[in-house]
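Please have the model open while reading.

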Amino acid sequence: MSDDELIWRIAGGSGDGIDSTSQNFAKALMRSGLNVFTHRHYPSRIRGGHTYVEIRAAEQKVQSRGDGYNFLLALGDSFARNPQEEAYYGNEEIKPLSENLDELREGGVIIYDEGLISEEDVEELDLEERAEENDWHVFPLDLRGLAKDHGREVMRNTAGVGATAALLDMELEHIEDLMSDAMGGDILEANLDILHEAYETVNDEYDFEHDLRAPTGEHDAEQALLSGSNAIAYGAIDAGCRFIAGYPMTPWTDVFTILSQNFPDMGGVSEQVEDEIAAAALAVGASHAGVKAMSGSSGGGFALMSEPLGLAEMTETPVVLVESMRAGPSTGMPTKPEQADLEHVLYTSQGDSQRVVFAPGNIEEAYEQTRLAFDIAWDYQIPAIVIYDQKLSGENQNVDVDFFDREPSPDLGSTLTEDELKEAAHDASGKFKRFNYEDAEDGVAPRSIPGQKGGRYLATGNEHSPVGHIEEDPDNRVFQMERRLEKLEKIREELDEERDSTQTYFGPDEADYGIITWGSSQGAVAEAVDRLNEQGHSVKAISVSDMMPFAETEVTEFLESVDEAMVVEMNATAQFRGLIQKELGRFGDKMTSLLKFNGNPFEPAEIVEGYEVNLADEDRQPDAQVRIEPAAGD
Amino acid sequence: MSAFNAIGEEREIDRDEFTPGVEPQPTWCPGCGDFGVLKSLKQALPELGKNPEEVLTVTGIGCSGKLNSYLDTYGFHTIHGRSLPVARAAKLANPELEVIAAGGDGDGYGIGGNHWIHSARENHDITYIVFNNEIFGLTKGQTSPTSPKGHKSKTQPSGSAKTPLRPLSTSLNAGASYIARTAAVNPNQAKEIIKEAIEHDGFAHVDFLTQCPTWNKDARQYVPYIDIQESDDYEHDVNDRAEAAEIMRETEDVLNEGTVLTGRYYVDDERPSYSQEKHAVGEMPDQPLAERYFDDDAEWERSYDLLERHK
């Protein structure tokens with residue numbers, strides 16, 4: 001935990017403009033030279049309901065939401081439905097101020113909109129007393145009134161940002177620039193007025209006794225602020241994907257939206273269709289006709305894709321699907337993160353079906369592994385899935401702009417041209433031997449595309465002969481199965497031998513204790529490892545991305561090199577630990593699990609605590625809302 | 001230069017080209033109406049000057065799904081009920097392909113009903129042939145969405161309590177712009193209707209009555225049939241939605257009473273196809289998307305050029 005970091009929480013109701021305000025403030029902090037990381041918490045409804053965004057900013061790299069927060073801008077929920085304590089969802093109006101107030105750090109700053117949050121409600125919070133105990137500095141400001149006087153009530157966010165900037169001793173330049181980019185005319189003028197008015201009011205009327213100030217920093221290179229969903233969409237664009245089909249579902253909708261907005265300018269096609277069965281089937285159909293295509297969904301929608309996924313596997317039609325996990329089972333908690341669809345994604349669809357599954361752990365990995373998924377899918381004619389979650393989907397982080405300065409790779413992989421088809425094997429009647437196991441390389445038989453001369457064949461989900469006819473001959477069955485199954489082995493070889501590892505390591509090379517994680521829990525683990533080593537512990541970590549084919553060698557080496565290990569994942573049933581045991585067939589007695597499934601992502605301190613409790617071999621659960629699942633035999 | 005030179009190739013097309021040289025033994029029973037669909041396609045396609053490699057036949061599951069095993073075009077035998085989404089996407093990926101989707105009544109009107117309604121609604125420029133035998137054949141004779149009320153089967157032993165689905169009326173309401181019914185026992189009409197359906201720019205739905213001699217023995221063989229265009233007893237304007245709706249309803253009502261009405265029911269040549277609509281709003285490329293992947297000179301946009309909004 002660093003003293004020179006800001007974790008600014010803006011809290012209000014859904015529909016209060018929290019998202020756009022926080023996005024601009026995060027950019028302003030980034031432009032001032034800081035590294036930023038955002039965390040978004042919101043309910044599954046359109047208007048009202050407590051929502052907040054945290055922006056963590058520091059001079060050094062930030063990889064997680066951090067622990068707690070040290071600045072609260074509580075706007076109040078202007079869409080609150082039942083502002084009574086006894087209402088089922090409690091008094092929503094006060095929630096932006098009251099909820100998680102315990103997590104505000106000592107010395108923290110609170111601004112709340114007294115124009116919306118009533119004095120009575122505040123009294124019930126014992127705010128004064130608690131502020132004294134915790135050295136909180138409280139600034140009740142009539143943001144609503146101020147906004148109304150200079151523009152419109154809805155601009156109270158701007159007043160809150162102006163007040164924040166004053167209290168943090170920030171210059172307004174970057175904020176003004178960003179506002180000028182986003183709006184114009186009277187609206188811009190009113191907002192600028194409000195920004196300045198709030199800034200000056202706070203400066204004039206208050207003596208600052210708090211120590212918290214905006215950190216300062218400098219970037220070596222130009223930065224861009226992106227979410228995991230942006231990174232996945234951009235990875236797809238650079239891989240030459242120009243077809244997407246989908247059906248809305250949180251949180252996958254972000255990727256679908258970004259590509260739908262960009263494709264028309266790129267000659268691409270986006271289709272919103274009747275259901276997720278159709279969505280995945282469209283991606284398969286477009287790919288079959290020669291286009292790099294994708295689809296995706298979240299848990300429940302992905303369940304509907306199970307059959308088209310199997311069809312793609314059996315017909316060897318390349319396709320990329322993305323699965324953005326949210327808390328399940330069933331509808332679960334639609335806007336909360338969880339990593340509980342791993343087994344669903346790995347094993348859904350009937351038969352000995354196989355696919356490639358990558359689980360990126362941060363924004364750069366989301367971009368790179370999406371590209372990798374397309375490369376592998378089209379080279380090996382196999383579906384590839386990128387599995388991520390609501391957390392990675394919505395969190396924003398700054399990335400060097402140069403990171404994206406790469407060549408696109410629209411190549412269709414193992415696809416033949418008409419000229420190449422002339423040389424390819426055909427049966428006696430001139431039909432192309434599309435599924436020819438005799439000259440397949442690495443299990444891959446090159447394919448043709450409808451409309452090409454000399455390439456016609458039948459693609460079928462039934463077992464089939466080399467030209468695609470339905471065929472149940474035992475010898476053919478065994479040959480075709482073995483040829484298809486060979487692909488995963490070859491992909492593993494390519495990943496190990498020809499490509500940079502997609503696994504990420506943290507901490508020293510040699511350590512006594514290992515933490516293993518996957519997906520978006522990576523950042524919190526990385527920070528926990530740093531802290532533990534600073535405290536004198538000997539801990540390292542691996543964040544695994546290759547779920548299928550599994551990163552067998554790297555995980556084996558990691559587990560062999562430590563005395564004990566803790567697997568950190570956001571689910572209740574230790575799915576990833578189960579995968580490790582299944583794939584490696586051992587280490588069951590070496591791995592404890594640290595699990596979290598309350599709808600909030602891990603904070604680094606929770607991982608530190610989990611480690612301490614586990615290492616001390618105490619017969620208790622940690623104080624945080626996490627669970628330790630002992631190693632086999634313990 | 002195109003990467004797909006089978007498309008629009010100008011040459012004499014022989015009917016035999018649509019018969020696989022190494023023909024798999026048909027799995028259809030002797031007397032099956034499915035042969036009628038195959039035959040009409042083998043006649044219609046060469047007469048329209050289509051060559052086998054510019055046609056993509058996408059089928060579902062069931063006896064009807066075997067169509068592309070015996071029709072030697074590019075083929076995609078998909079999964080139960082999902083021929084339409086696969087077919088639609090192939091057409092969007094390469095609008096120059098001739099895309100024909102086909103499946104049975106269970107496949108299309110039952111499990112795939114959602115796709116049928118939305119494909120019709122969106123008016124995709126594909127031909128959709130439904131082999132309607134009023135029964136599940138391949139799984140051995142269960143009641144299907146078009147089975148008559150009272151139909152007894154192993155799964156509805158006391159007789160179906162359900163009114164059969166109305167394929168023509170439903171298609172009209174959903175938005176199909178060409179709707180016809182033909183029957184395997186009427187090969188000349190079938191060929192002509194298939195030709196019109198293929199030539200139609202939009203969603204062309206052909207409800208093709210295909211008798212099942214094995215599992216639906218009690219049912220009529222769809223003879224005698226009446227062609228509503230030929231018969232003096234019927235007269236309606238195929239461009240008139242209200243008149244079409246009326247005669248469709250009658251056709252559906254009388255089928256289970258033993259009167260087999262067939263013919264063209266509704267034709268809307270004015271309505272733009274889905275890709276035309278999509279192009280008009282700026283969401284369809286001018287050139288077939290699939291061509292771009294084979295064009296070495298194509299320029300590919302990069303995400304790097306989109307970053308301004310993130311700075």
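What follows is a short tour of a predicted model.

## Domains of chain A

Chain A is split into domain 1 (5–205), domain 2 (225–404), domain 3 (418–497) and domain 4 (504–629). Take the pairing of domain 2 with domain 3. Their C-alpha centres are 26 Å apart. Contact involves 22 residues of domain 2 and 28 residues of domain 3.

Together, domain 2 and domain 3 of chain A bury about 2000 Å². Carbon and sulfur atoms account for 59% of that area. On the domain 2 side, Met314(A), Glu316(A) and Tyr380(A) lose the most area to domain 3. These residues together make up 36% of what that side buries.

## Annotated spans

Two spans carry UniProt annotations from unreviewed entries. In chain A, UniProt gives residues 478–505 as "coiled-coil region". In the model this span is 71% helix and 7% strand. Its end C-alpha atoms lie 40 Å apart.

In chain B, UniProt lists residues 61–208 as "domain: Thiamine pyrophosphate enzyme TPP-binding".

## The largest pocket

The largest pocket holds about 1000 Å³ of space. Its lining counts 38 residues. Nearest the centre are Asp19(A), Gln23(A), Arg40(A), Asp254(A) and Asn396(A). By class, the lining of this pocket has 22 polar, 9 nonpolar and 7 charged residues.

Several elements of chain A give two or more residues each to the lining of the largest pocket, including helix H1 (18–31), strand E2 (35–41), strand E3 (50–58) and helix H10 (253–262). Helix H9 (228–238) and helix H16 (390–394) are also among them. H1(A) gives the most, with 7 residues. Domain 1 (5–205) and domain 2 (225–404) of chain A each supply at least three residues to this lining.

## The second largest pocket

The second largest pocket has a volume of about 900 Å³. It is lined by 30 residues. Closest to its centre are Glu291(B), Arg292(B), Tyr293(B), Phe294(B) and Asp295(B). Both chains take part: helix H17 (418–423) of chain A and helix H10 (289–292) of chain B each give two or more residues to the lining.

H17(A) provides the largest share of this lining, 4 residues. The lining of the second largest pocket comprises 12 nonpolar, 7 polar and 11 charged residues.

## Cavities

How many cavities of 30 Å³ or more does a search of the whole structure find? The count is 3. The largest cavity has about 100 Å³ of space. It is lined by 13 residues, and the closest to its centre are Gln63(A), Gly361(A), Asn362(A), Gln397(A) and Gly523(A). Helix H19 (residues 522–534) of chain A gives the most to this lining, with 3 residues. The lining of the largest cavity divides into 2 nonpolar, 7 polar and 4 charged residues.

The second largest cavity has about 40 Å³ of space. Its lining consists of Thr38(A), His39(A), Arg40(A), Gln390(A), Lys391(A), Gly394(A) and Glu395(A). E2 and H16 of chain A each give two or more residues to this lining. No nonpolar residue is present; 4 are polar and 3 are charged. Why does the second largest cavity lie between domain 1 (5–205) and domain 2 (225–404) of chain A? Because both domains give residues to its lining. Arg40(A) links two sites: it lines the second largest cavity and is among the residues nearest the centre of the largest pocket.

## Backbone details

Most peptide bonds are trans, and most residues other than glycine have a negative phi.

The peptide bond from Gly328(A) to Pro329(A) is cis, with omega near -10°. Pro329(A) sits in the loop between strand E11 (319–325) and helix H14 (342–347) of chain A. In chain B, a cis peptide bond joins Val223(B) to Pro224(B), with omega about -5°. Pro224(B) belongs to the loop between strand E6 (204–209) and strand E7 (225–227) of chain B.

Glu134(B) is not a glycine, yet has a positive phi of about 60°. Glu134(B) lies in the loop between strand E4 (127–132) and helix H6 (167–174) of chain B.

Key
Residues numbered from 1 in each chain as written. Chains lettered and ligands numbered in written order. Predicted model: local features only at pLDDT ≥ 70, side-chain atom pairs only at ≥ 80, totals over all residues. Heavy atoms only, no water. 1 Å grid on protein atoms, 1.4 Å probe; cavity = no way out; pocket = protein on both sides within 12 Å on 5 of 7 lines; lining within 4 Å. Points joined across faces, edges and corners; volume = space filled by probe spheres on them. Nonpolar A, V, L, I, M, F, W, Y, C, P; charged D, E, K, R; others polar. Domains from an automatic or database assignment. UniProt positions renumbered as here; feature names shortened; annotations may be inferred. Contact = heavy atoms within 4.5 Å. Buried area = accessible area lost by both parts, 1.4 Å probe.
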